[in-house]
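Please look over the sequence and the model below before reading on. This briefing then walks through a few of the features that can be found there.

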Amino acid sequence: MITIRKIYAWQIFDSNGFPTLAGILELSNGGIVSAAIPTTFSDGQKAALDLRDNNIQFFGGYSVNKSIYYINNLISPKLLNVDPRKQKEIDYWLINADKTKNKSILGGNTILLISILVAKAGAVVNQLPLYHYLNQFYQTINKTKIDFNNLPRPIFNLFDGGKHAHTVDFQEYYLYFPPSTSYLNLFHRLFLIRERVKEDLINLDIDTSVGTMGGFSPNFKSNIDPFEILTQAINELGFANSVDVFFGVDFLADNFFNESGYRLREFPDFLSKDKYYQYLTKILADYKIIFIEDPFSEFDKDSWKKMYQKMNDQLYIVADKILFGNKNLLKKYFKDIFFNTIVVKPSYLGTITETMELIDIIKKNKLTLVIGSNSGEVNDDFIADFSVAVQADFIKFGALTRGERVAKYNRLLKIEDEVVKSR
């Protein structure tokens, strides 16, 4: 039997220049797998908490030497000679060793690195592609059959704002396409639109630099300016909005909400909840937007409910930061649901097993599933295999630019080739 010989971790940096973890797992037969994990800046209230050294003199307190010590000196020896295919047992051993709801003792980052390394090692031992192995594991723990009938549809960033660029107030402006015969066709259409948008920005003497997620990040005066640019570009290419291409937005409304209301740059004063709702519905109608993520503050549940009651059958009403993948919160909201789509990231939960258990709840309640990457990303492409394994409806990895984003899209191309050939 092939078992774990050693796990070793070290510090690297994410796409925003913050410290994070990388590691390798050595198998008893000499095989080696590697992994790196993204950064999650959770406050620990809803999602797993990254363990940081909190030494302000070194990387501003964000270094991860505590996690490295735990992995190399405490966890690795305990997993010596363990079969890596015991994913669930290992994940729950880590959960129980931590003993906190938000993984604040060992750290969500510490636990996630081990969980991903173990998953990759299990796939190697079983001599299966990672997505195939993860799919089998999902079916085993959830006792639910999911075949590779469809590949997830990508949602691409074209413009960054909010905390990703500090330009416009809305966080991300998306494009996605109808189901296609191949990812390459989707990427081709995106390429044409992105290059046309870039050309139009240059002609308008507007900056074409990109933000955290790889989208363009000009300092527009209005939050609707990106929609105008996108509309112009797709019209010039002969595409039709809501036919050939669809618009979406991550509003992350908590960024511009406080007790006074919603503050947007195109208005001199705060908007009341009712006025913001009216403004938002006008934008949705004007630009035919049907994917809306975190459109209202988590402290404005009435607006969430109003939108859901009126437009549930017309929109993807997407919950991300309002949930942070918290299973208990999700079950609570089932009593008075006000969204139909959920973003899930393994970093929110800390283990592959917990993430798959959450996804099973989402699927059984017939909600739309989006697998997302983080803002502080790494070049590891695990999330691409994971999204295919659980048969996500959509994936959200950022723009088709920046290496940490492109690595995941390139992996999807390879997976698609393998899945299609196997049919």
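The model is a predicted one, and each value given here was computed from it.

**Two packed helices**

- Two packed helices are described by the angle between their axes and the distance between the axes.
- For helix H2 (residues 87-98) and helix H3 (residues 108-125), the axes come within 10 Å and cross at roughly 170°.
- Since angles over 145 degrees count as roughly antiparallel, H2 and H3 are therefore roughly antiparallel to each other.
- On the side of H2 the contact is made by Gln87, Ile90, Asp91, Leu94 and Asp98, while H3 contributes Ile111, Ile114, Ser115, Val118 and Ala119.

- Strands of a sheet pair through backbone hydrogen bonds, either parallel or antiparallel.
- Here three strands in the order E1-E2-E3 make up an open sheet, and their pairing is antiparallel.
- Strand E1 (4-13) and strand E3 (32-36) are the edge strands, each of which pairs on one side only.
- On average, and with direction ignored, neighbouring strands of this sheet are turned by 15° against each other.
- Strand E2 (residues 19-27) pairs with E3 in the antiparallel sense over five bridges, and the bridge partner of Glu26 in E3 is Ile32.
- Helix H3 packs on this sheet and touches E1, E2 and E3, with a direction that makes about 35° with that of E2.

**Aromatic pairs**

- The count of aromatic pairs comes to 42, and two of them are described here.
- Phe170 and Phe251 form an edge-to-face pair, with 4.7 Å from centre to centre and 75° between the planes.
- This pair links distant parts of the chain, 81 residues apart, because Phe170 lies in the loop between helix H5 (162-165) and strand E6 (172-176), whereas Phe251 lies in the loop between strand E7 (246-250) and strand E8 (257-258).
- Phe170 is buried, with a relative accessible area of 0%, and Phe251 is buried with a relative accessible area of 0% as well.
- The ring centres of Tyr277 and Phe296 are 5.8 Å apart and their planes are at 10°, so this pair is stacked.
- Tyr277 belongs to helix H8 (residues 273-287), and Phe296, 19 residues apart from it, sits in the loop between strand E10 (289-293) and helix H9 (301-311).
- Tyr277 is buried at a relative accessible area of 6%, and Phe296 counts as buried at 2% relative accessibility.

How values were computed
Residues are numbered from 1 along each chain as its sequence is written. This is a predicted model: local features need pLDDT of at least 70, side-chain atom pairs count only at pLDDT 80 or more; totals for chains, interfaces and linings use all residues. Side-chain values use heavy atoms; hydrogens and water are left out. Axes are lines fitted to C-alpha atoms, for helices over the stretch in contact, and angles run from 0 to 180 degrees between N-to-C directions. Helices (H or I, at least four residues) and strands (E, at least two) are DSSP runs, numbered from the N terminus. Angles under 35 degrees count as roughly parallel, over 145 as roughly antiparallel, 65 to 115 as roughly perpendicular and the rest as oblique. Contact means heavy atoms within 4.5 Å. Two strands pair if DSSP finds at least two bridges between them. Rings of Phe, Tyr and Trp (its six-membered ring) pair if their centres lie within 6.5 Å; planes under 30 degrees apart count as stacked, over 60 as edge-to-face and the rest as tilted. Buried means under 20% relative accessible area, exposed over 50%, partly exposed in between (1.4 Å probe, protein chains only).
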